[in-house]
There are 2 protein chains.
Amino acid sequence: VPKVIDHDERRAYIMDVTLSLIRSGGFANASMRDIAAAAGFANGSLKHYFSSKDAIIKATWERELGKQSDFVTAAVQGKRGMAALRALTVTTLPLTPEGAVAGRVLLSFWDVSMANEALYNSYHQHLTSWRELICEFLSQGREDGEVLALRSNDEIADEIILLNIGAVMITQIGPETSPAKWHLRHLERLLDRLGHADG
Amino acid sequence: VPKVIDHDERRAYIMDVTLSLIRSGGFANASMRDIAAAAGFANGSLKHYFSSKDAIIKATWERELGKQSDFVTAAVQGKRGMAALRALTVTTLPLTPEGAVAGRVLLSFWDVSMANEALYNSYHQHLTSWRELICEFLSQGREDGEVLALRSNDEIADEIILLNIGAVMITQIGPETSPAKWHLRHLERLLDRLGHADG
């Protein structure tokens with residue numbers, strides 16, 4: 001049914017336009033009117049594809065989080081334990097220009113999610129899966145004798161997540177004095193320590 | 001000259017109102033009109049105190065960063081080396097409800113600063129001072145034989161800043177599964193390691 005395909009394609013196109021507006025100026029830049037104008041649509045016609053600005057924002061956010069999850073799934077494919085944990089944690093650091101752009105979008109959505117429960121819950125679910133995946137790889141690492149750290153998996157996962165989020169943010173707010181190679185080094189030192197009791 | 005005092009007091013009051021709007025809904029909630037309404041001013045009369053919304057935002061941001069600096073200065077007063085570094089780094093972790101509220105404001109300003117060079121530069125200056133202060137305390141710690149880590153002060157400072165920023169953010173976007181006591185533990189472990197060559 002070509003009409004349905006066209007509908008989905010247009011929804012995807014509207015999300016692309018929304019993302020590019022957010023990248024260039026944040027949510028202040030992305031009213032329904034702005035999105036319609038940038039997409040070349042008449043103002044009212046967005047309603048055929050999304051019921052509201054909130055609906056566009058939520059769909060765009062969930063698509064971004066889904067892409068991030070797919071990216072991680074591909075990186076850890078066929079790996080377990082520390083090899084999987086290394087792949088996961090390196091993949092989610094903002095080491096490339098694309099990673100930096102993704103961080104820009106995260107920052108805007110995080111801000112808006114403070115006053116938008118649906119967005120907040122979507123990210124919370126994403127955060128929970130991320131944490132569970134880290135804990136799963138740590139458990140495998142313990143089974144395989146790679147992880148000897150005495151503190152809990154949850155506490156280790158928390159430190160990894162804080163380091164990652166710190167790197168995502170500093171890449172936006174102060175990249176001039178905080179090179180990506182250092183972020184990678186902080187991470188590698190953290191991972192290397194896991195082979196020791198005090199790691 | 002009482003009129004001048006009144007003028008400064010009103011500017012401070014407008015900044016307070018702006019902050020409370022940002023805390024409850026971010027910048028989407030803080031147009032000139034919203035600020036005027038929440039402050040109980042006629043719409044046009046804000047112009048007597050600030051030339052534009054950008055001027056309010058910038059003054060409010062710089063006042064917040066100034067408060068943060070004063071807070072740090074008080075915490076490190078009379079200390080040097082590792083004692084100063086501990087005081088500084090613990091003080092800037094969001095361990096209290098007030099710290100969490102300050103993080104909410106930071107998140108909104110960071111987002112807006114992505115498309116506002118004046119705000120970006122204000123934070124950048126703040127970040128530079130913060131980093132320099134950490135490096136100064138590390139140097140004192142080396143003089144006093146407390147810091148034996150072989151990596152550079154800049155690299156250590158970077159890890160401290162990433163951990164701090166990660167904690168500030170997670171306190172906004174996922175505090176349910178990331179208790180402040182863990183943030184403090186991550187920090188203490190990092191600081192304790194500085195007494196070792198591989199720290």
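Contact here means that heavy atoms lie within 4.5 Å of each other. In this predicted model, chain B can be laid on chain A with an RMSD of 0.0 Å by a turn of 180° and a shift of 0.0 Å along the axis, and the two copies are thus related as by a two-fold rotation axis. Within chain B, the C-alpha nearest that axis belongs to G166(B), at 2.0 Å from it. Both copies use the same surface, since 100% of the contact residues of chain B recur in chain A.

**Helix α6(A) against helix α7(B)**

- In α6(A), the residues Y120(A), Y123(A), H124(A) and L127(A) meet I170(B), Q172(B) and I173(B) of α7(B).
- The residues of this contact of α6(A) with α7(B) divide into five nonpolar, two polar and no charged.

**Helix α8(A) against helix α7(B)**

- Helix α8 of chain A (residues 180–193) packs with helix α7 of chain B (residues 153–173) at an angle of about 80°, their axes being 10 Å apart, and that makes α8(A) roughly perpendicular to α7(B).
- On the side of α8(A) the contact is made by W182(A), H183(A), R185(A), H186(A) and R193(A), while α7(B) contributes D154(B), E155(B), D158(B), E159(B) and L162(B).
- The residues of the contact of α8(A) with α7(B) divide into two nonpolar, two polar and six charged.

**Helix α2 of chain A**

- Within helix α2 (residues 32–39) of chain A, the residues M32(A), I35(A), A36(A) and A39(A) are buried, and they cover an arc of only 100° around the axis, which puts them on the same side of α2(A).
- R33(A) and A37(A) are exposed, and they are carried by the face of α2(A) that is turned away from its buried side.
- Just after α2(A) comes G40(A), which takes a positive phi of about 75°.

**T60(B) in helix α3 of chain B**

- T60(B) lies in helix α3 of chain B, which covers residues 53–76.
- Because buried means under 20% relative accessible area, T60(B), at 0% relative accessibility, counts as buried.
- When residues up to four places away in sequence are not counted, T60(B) touches M15(B), T18(B), L19(B) and F109(B).

Conventions
Residues are numbered from 1 along each chain as its sequence is written. Chains are lettered from A and ligands numbered from 1 in the order in which they are written. This is a predicted model: local features need pLDDT of at least 70, side-chain atom pairs count only at pLDDT 80 or more; totals for chains, interfaces and linings use all residues. Side-chain values use heavy atoms; hydrogens and water are left out. Copies are superposed by least squares on the C-alpha atoms of residues with pLDDT of at least 70 in both. Axes are lines fitted to C-alpha atoms, for helices over the stretch in contact, and angles run from 0 to 180 degrees between N-to-C directions. Helices (H or I, at least four residues) and strands (E, at least two) are DSSP runs, numbered from the N terminus. Angles under 35 degrees count as roughly parallel, over 145 as roughly antiparallel, 65 to 115 as roughly perpendicular and the rest as oblique. Ala, Val, Leu, Ile, Met, Phe, Trp, Tyr, Cys and Pro count as nonpolar, Asp, Glu, Lys and Arg as charged, and the others, Gly among them, as polar. Buried means under 20% relative accessible area, exposed over 50%, partly exposed in between (1.4 Å probe, protein chains only). The arc is that of the directions from the helix axis to the C-beta atoms.
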